Amino acid sequence: MKYRNLGKSGLRVSCLGLGTWVTFGGQISDEVAERLMTIAYESGVNLFDTAEVYAAGKAEVILGSIIKKKGWRRSSLVITTKLYWGGKAETERGLSRKHIIEEIVRAMTHVINQGMAMYWGTSRWSAMEIMEAYSVARQFNMIPPVCEQAEYHLFQREKVEVQLPELYHKIGVGAMTWSPLACGIISGKYGNGVPESSRASLKCYQWLKERIVSEEGRKQQNKLKDLSPIAERLGCTLPQLAVAWCLRNEGVSSVLLGSSTPEQLIENLGAIQAIVLPKMTSHVVNEIDNILRNKPYSKKDYRS
């Protein structure tokens, strides 16, 4: 496993982390969840991500129970969680970009000063909001965010490749990215429709099914077929290629994986191996860009 600093902080995180969205407390059993965490931990993963809303709080409980059962040293783990939905009362919801940013920064500073957390970051915030949080922290001698959690994959590039690099260089905010396989779209399982056992077949994921069977979804599947020969030439699977493609971006501190089976997780962890990531050369990246035709350009690119 390779490790990178989370933004410009001193916190070292594994390049690949394990997420718990949909899976823990929902799509998989507690036994499978334990197996996944064990595989990840023994592979060098030290970053595990969850949220209070995942499975109505069950994901956090399962994650904590497994850590306690396995007896892993807490100091060897980096646990990230997210707050927003809370309870039903008006005072039990918050910490979103809709709330006053100064109050959020003040609350997170209090949490860290009380020893309940070591760092804080944002999730799905705009670059302007993150910059405002940083400015507020500096103005009132509080603690600024160190990372932004953002969606990033072959078909979603703008924010991570254009907006976040500027924030990293200016204020040290790193990128922790999620959904490297686009909720399974890039896994290859949807090339001939929606399998019954897939995430898109779940009743609460009708939106994902609609995305897959849409005209744009079919175009994406055709592009994935064009990418398959590149993966074969590099000696890896399409999912491994997609994960390695995310990691080739040095501005990405860690990529969060979501897996429902041990086989999926082992395959995705393979993206960090010598046979894949080191082969992600500029030539290969250009080949991929020529197929995708969606590379975003910054103002700097236009000026040059």
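**Note on helix packing and salt bridges**

1. Thr38 sits in helix α2 (residues 30-42); helices (H or I, at least four residues) and strands (E, at least two) are DSSP runs, numbered from the N terminus. This is a predicted model, in which local features need pLDDT of at least 70 and side-chain atom pairs count only at pLDDT 80 or more, while totals for chains, interfaces and linings use all residues. Residues are numbered from 1 along each chain as its sequence is written, and side-chain values use heavy atoms, with hydrogens and water left out.

2. Thr38 counts as buried because its relative accessibility is 8% (buried means under 20% relative accessible area, exposed over 50%, partly exposed in between; 1.4 Å probe, protein chains only). Apart from neighbours within four places in sequence, Thr38 has contacts with Lys70 and Trp72 (contact means heavy atoms within 4.5 Å).

3. The axes of α2 and helix α3 (residues 58-70) are 10 Å apart and the two pack at an angle of about 60°. Axes are lines fitted to C-alpha atoms, for helices over the stretch in contact, and angles run from 0 to 180 degrees between N-to-C directions. From α2, Asp30, Ala33, Glu34, Met37 and Thr38 meet Ile62, Leu63, Ile66, Ile67, Lys69 and Lys70 of α3.

4. Helix α10 (residues 262-269) has Pro262, Leu265, Asn268 and Leu269 as its buried residues. They lie on the same side of α10 because they cover an arc of only 135° around the axis, the arc being that of the directions from the helix axis to the C-beta atoms. Their cover includes β3 (16-19), α2, α9 (238-247) and β9 (252-257).

5. There are ten salt bridges in the structure (a side-chain nitrogen of Lys or Arg within 4 Å of a carboxyl oxygen of Asp or Glu). One of them joins the side chains of Lys82 and Asp49 at 2.8 Å, N to O. Lys82 is in the loop between β5 (78-80) and α4 (101-113), and Asp49 is in strand β4 (residues 47-49), 33 residues apart. Both Lys82 and Asp49 are buried.

6. Arg233 and Glu287 form a salt bridge through their side chains (2.5 Å, N to O). Arg233 belongs to helix α8 (residues 215-234) and Glu287 to helix α11 (residues 282-292), so the pair ties together parts 54 residues apart in sequence. Arg233 is partly exposed at 47% relative accessible area, and Glu287 is partly exposed at 22%.
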